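Subject: Structure for your files

Hello,

The structure is placed just below, and my notes on it follow. Please read the two side by side.

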Amino acid sequence: AVHSSFSGLLVYRRKLYPAHLRNMLQELLRDRIIADYHDTPISSARAARVVRQCQSFVREIDARLQAKGETR
């Protein structure tokens, strides 16, 4: 529910975050489920990509919060 709310409310409706983030949470969840629950592990290249995507996502959120003066 979090990924659909983020995408629907914060990306599409309010346009607070860029469109390239709209599917990122869902894709990251898919990769996590594959890594956690499938017999075949994900490759190190795929794991590195997932880490980069997570870092990018957090940077985008952090930049938005900092711009609004809502620091951690």
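A term to begin with: contact means heavy atoms within 4.5 Å. Helices, which are also needed from the start, are DSSP runs of H or I of at least four residues, numbered from the N terminus. This is a predicted model, in which local features need pLDDT of at least 70 and side-chain atom pairs count only at pLDDT 80 or more, while totals for chains, interfaces and linings use all residues. Residues are numbered from 1 along each chain as its sequence is written, and side-chain values use heavy atoms, with hydrogens and water left out.

Helix α1

Three residues of α1 are buried, namely F6, S7 and V11. Here buried means under 20% relative accessible area, exposed means over 50%, and partly exposed is in between (1.4 Å probe, protein chains only). Seen down the axis of α1, the buried residues fall within an arc of 95°, so they line one face of the helix. The arc is that of the directions from the helix axis to the C-beta atoms. Among the elements that cover these buried residues are α2 and α3. After α1 comes K15, which has a positive phi, near 55°.

Leaving aside residues up to four places away in sequence, S7 touches Y12 and R22. The side chain of S7 also reaches the backbone oxygen of R22, at 3.4 Å.

The nonpolar core

Which residues make up the largest nonpolar core? There are nine: F6, V11, Y17, L21, M24, L28, V50, F57 and I61. The term stands for a set of buried Ala, Val, Leu, Ile, Met, Phe, Trp, Tyr and Cys residues joined through side-chain atoms within 4.5 Å. Two or more residues of this core come from each of α1 (2-13), α2 and α3. The largest share, three residues, is given by α3. As for L28, a member of this core, its contacts are V50, Q53 and C54, not counting residues up to four places away in sequence.

Salt bridges

How many salt bridges does the structure hold? It holds four, where a salt bridge is a side-chain nitrogen of Lys or Arg within 4 Å of a carboxyl oxygen of Asp or Glu. One of them joins the side chains of D31 and R46, at 2.5 Å from N to O. This pair links distant parts of the chain, since D31 is in helix α2 (residues 24-37) and R46 is in helix α3 (residues 44-67), 15 residues apart. Another joins R49 and D31, at 3.5 Å from N to O. That pair also links distant parts of the chain, with R49 in helix α3 and D31 in helix α2, 18 residues apart. D31 meets R30 as well, in a salt bridge of 3.2 Å from N to O.

R30 is partly exposed, because its relative accessible area is 42%. R46 is partly exposed at 25%, and R49 is partly exposed at 30%.

Regards

How values were computed. A polar contact is a pair of N or O atoms within 3.5 Å; within protein, one must be able to donate a hydrogen and the other to accept it, and residues adjacent in sequence count only if both atoms are side-chain atoms.
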